[in-house]
Amino acid sequence: MRKSIKTRLVKSFMLIIIITVVILEVVLINGMKDYYYKNIEDILSNQIEFSIDYYLRYFSLDRLEDIVIDDIDVFWQHTTAQVQILNSDGKLIMDSLGVTNDNSNLYPDIKKAINGEKGVWIGNVNYYNSPVMSVSAAIKDQDRVIGIIRFITSLKETNGVIRFISFLLLGMGVIVVFISGMVSVFLANSIIRPLQEVTRVAEKMADGQLKVRSDIELEDEIGRLSDTLNYMAEELVKKEQIKNDFISSVSHELRTPLTSIKGWAATLKCEDFGGNEIMLDGLEIIEKESDRLSIMVEELLDFSRFVSGRIKLENDEFQIKDTIEMIGKQLTPRAVNNRIEFIINIDQSLGYMLGDENRIKQVLINLLDNAFKFTSEDGKVILNAYKENDVLVLEVKDNGVGISEEDLPKVKEKFYKGKNSKSHSGIGLSICDEIVKLHNGTMEILSNINEGTRVIVRLPLREVS
């Protein structure tokens, strides 16, 4: 199943929006996390610097171990964080929480502090149930590291705030995606609706409705497509009119010489040619071919009237049963000559109807004529006439050569004759279809090659009161 342009557009819009929102969410959440962690790092770093400065100003002459024993408040009175004092080798001297030496010299922040740099580490320790951040800095006497001060704080509350804001941002992202989806549908519709209108008009034009026009007024590619489609339809109408005028003119011009040819052939046949069989056969052929050409001319004239809209139905009340019976009597001799079984089934309750009797006759004769042409000897042609609710159904069936699947959709097109057609002009079925449409009916053709053809004409019954 093909996907519509609207579906593809909405999916493309949504993919771009979702990717953009996801990237923004990741950047915002990571940026917020870095911001909070950097603030904690800065606070701990400032407190460490203040403690080191305080120690160097007032206790620089005392050993670090002595200060830890006698004046431990020097280091933790300026912070609420966990405080650790380590010697220059990274060995734990004192911990404000009473933690014993836990191989602290293995932490990366302490290693940096031993080298005289500030170290920061985030991770897990066994005495906190949440990640911690530790900041370590060296206590220097001139350029010599005499000890390390380390502040440790839990990230539990900070991570809680980060999670809350992250969920808030994710919720906002979902809302943004939903609103953007609605906007995407609206934008897709603004593009698709003009295309659908152009497609609808194009389909009608393809169906032969060349008077329909697209009324899209856009200054873009779709607008230009609409204008081009309208221009194409106008050109087709002009060319169709030229063709119809030509057909009508030629058909009228042909009638006079054909009448003369047939008349002189009939006249000459009455003369005595002394048993000259060739002359008589030639005159017979001329007369028959003149009749055939006359039928073609009449079909062309009929076609010209239909396409130009000059044809008008002469509706009158008539008994459809009698009309069908008369057609049966008219065509039965032909069926006998062609050794074809001709069966007529008429519903006796058909009664009277309003319509153009001559045109209905024309349809039935044309359909039966086609059935006889394409049915071989010992074949069968059936004409059924019955009512379905308020609809008259005329059905012509044969077991002839049938119509190929390739030709079937085109047989009602003007001048289409098909590969095996015996039609004079290829417009017989087209005229029948036009007559049926003028009666507000439908004509359906069903066929299988080498199995036969079934033509169903449905005409709404306008019964006489």
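This is a predicted model: local features need pLDDT of at least 70, side-chain atom pairs count only at pLDDT 80 or more; totals for chains, interfaces and linings use all residues.
Start with the whole protein. The chain has 465 residues, and 38% of them count as buried. The fold holds 10 helices and 12 strands. Take the contacts between residues at least 6 apart in sequence: 64% of these join residues at least 24 apart. The exposed surface comes to about 27800 Å², with carbon and sulfur atoms supplying 55% of it.

Now turn to the sheet. Five strands form an open sheet with mixed pairing, in the order β7-β9-β10-β12-β11. The edges are β7 (341-346) and β11 (442-448). Each has a single partner strand, so one side of each is left without a neighbour in the sheet. On average, neighbouring strands here are turned by 10° against each other, direction ignored.

Inside the sheet, look at β10 and β12. Strand β10 covers residues 391-398 and strand β12 covers residues 452-460. These two run antiparallel and are joined by 8 bridges. Strands of a sheet pair through backbone hydrogen bonds, either parallel or antiparallel.

Two helices accompany these strands. Helix α9 (residues 357-373) packs on the sheet and touches β7, β9 (380-388), β10, β11 and β12. The direction of α9 makes about 20° with that of β10. Helix α10 (residues 428-438) lies across β11 and β12. Its direction is at about 140° to β11.

Next come the aromatic rings. A search of the whole structure finds 4 aromatic pairs. One of them joins Y35 and Y36. Their ring centres are 5.7 Å apart and their planes stand at 80°; planes over 60 degrees apart count as edge-to-face, so this pair is edge-to-face. Y35 is exposed, at 52% relative accessible area. Y36 is partly exposed, at 27%.

A further pair is Y107 with W121. Here the centres lie 4.7 Å apart and the planes make 40°, so the pair is tilted. Y107 sits in the loop between β2 (92-95) and α4 (108-114), while W121 belongs to strand β3 (residues 119-123). The pair therefore ties together parts that are 14 residues apart in sequence. Y107 is buried, with a relative accessible area of 16%. W121 is buried as well, also at 16%.

Finish at F50, in helix α1 (residues 5-58). F50 is partly exposed, with a relative accessible area of 46%. Its C-alpha atom is separated by 9.9 Å from that of T79, 29 residues apart along the chain.

Conventions:
Residues are numbered from 1 along each chain as its sequence is written. Side-chain values use heavy atoms; hydrogens and water are left out. Rings of Phe, Tyr and Trp (its six-membered ring) pair if their centres lie within 6.5 Å; planes under 30 degrees apart count as stacked, over 60 as edge-to-face and the rest as tilted. Buried means under 20% relative accessible area, exposed over 50%, partly exposed in between (1.4 Å probe, protein chains only). Helices (H or I, at least four residues) and strands (E, at least two) are DSSP runs, numbered from the N terminus. Contact means heavy atoms within 4.5 Å. Accessible areas come from the Shrake-Rupley method with a 1.4 Å probe; for residues, only the protein chains shown count as cover. Two strands pair if DSSP finds at least two bridges between them. Axes are lines fitted to C-alpha atoms, for helices over the stretch in contact, and angles run from 0 to 180 degrees between N-to-C directions.
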